[in-house]
Amino acid sequence: VRTIKRCFLDPKLIICFREPSSFILSSYKQYIHEGGTKCFKDFFSIHHKKIVTPRDLYFSKYIEILNDELPKENIFIYNYETFRSDKEKVLTELLEFIGVGNIENLDLSKTKKGNPSIPFIYEPILRNLNSIDSFLRTNFNFGLKLILFGKVLSPRVFCQYVLPAIYRPKKERQLTEIKKYFSSDWEIAKKNFHL
């Protein structure tokens, strides 16, 4: 923040926070999408340092630093879940914050759908395929990526699209303990959100 202040005259910052348990799960899914091989308990733990550490997700400390360094009117903080549920509302306030245009000039009907996550049940399959792919790339200079009829079939595509098209279970990972762990900090952070 101090570097931004030095580089720009009267900067305005736009920040999006996501509820920590949701952010952790999404980060883990992206990690295995990108070839990760660790299971969730080796990726994140409340009690032990892993790839993602709990102290990094205390968002109120970041907000406190922002408020110490910048005038409140130069900070726009919003909640990712609010954006997902009401893009128009968030974009209207965001455009007002930056002082340009209005929402009527935006065509939200063409917004791209999100990146579907891999169902919990298929995570071990993807991790194993990622391990095999990594081994093949390291030792034989080829991997599990195939091109069939102009379409790419990789471990990620197989577990993200093919398997869920056959069977998409409802069961997902339980994040109750993580949600509870971060709940008080999340409530403090939410008091600073525009939306």
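How many residues does helix H7 have, and how far does H7 reach from its first C-alpha to its last? H7 (residues 123-140) has 18 residues and reaches 25 Å, close to the 26 Å expected at 1.5 Å a residue; the expected span is 1.5 Å times one less than the number of residues.

This is a predicted model, in which local features need pLDDT of at least 70 and side-chain atom pairs count only at pLDDT 80 or more, while totals for chains, interfaces and linings use all residues. Residues are numbered from 1 along each chain as its sequence is written, and side-chain values use heavy atoms, with hydrogens and water left out.

**Whole chain**

Show the protein chain as a cartoon. Its secondary structure comes to 9 helices and 4 strands (DSSP runs numbered from the N terminus: helices are H or I, at least four residues; strands are E, at least two). Of the 195 residues, 36% count as buried (buried means under 20% relative accessible area, with a 1.4 Å probe and protein chains only).

**Helix H7**

Select residues 123-140. The buried residues of H7 are Glu-123, Leu-126, Arg-127, Asn-130, Asp-133 and Leu-136. They pack against helix H2 (20-33) and helix H8 (155-166); contact means heavy atoms within 4.5 Å. Step just past the end of H7 to Asn-141, which takes a positive phi of about 65 degrees.

**The cores**

Next select Phe-17, Phe-44, Ile-77 and Ile-178, which touch the most other members of the largest nonpolar core, a set of 30 residues. A nonpolar core is a set of buried Ala, Val, Leu, Ile, Met, Phe, Trp, Tyr and Cys residues joined through side-chain atoms within 4.5 Å. Elements giving two or more residues to this core include strand S1 (13-17), helix H4 (59-69), strand S2 (75-79) and helix H9 (176-190).

Centre on Phe-44. Leaving aside neighbours within four places in sequence, its contacts include Ile-24, Pro-54, Ile-178 and Phe-182. A second, separate core has 7 residues, among them Tyr-78, Val-90, Leu-91 and Leu-94.

**Helix H6**

Select residues 87-98, which form helix H6. Buried here are Val-90, Leu-91, Leu-94, Leu-95 and Phe-97. Look down the axis of H6: the buried residues fall within an arc of 155 degrees, so they line one face of the helix. The arc is that of the directions from the helix axis to the C-beta atoms. The buried residues of H6 pack against S1, S2 and helix H5 (80-85). Finish at Gly-99, which follows H6 and has a positive phi near 75 degrees.

Key. Buried means under 20% relative accessible area, exposed over 50%, partly exposed in between (1.4 Å probe, protein chains only).
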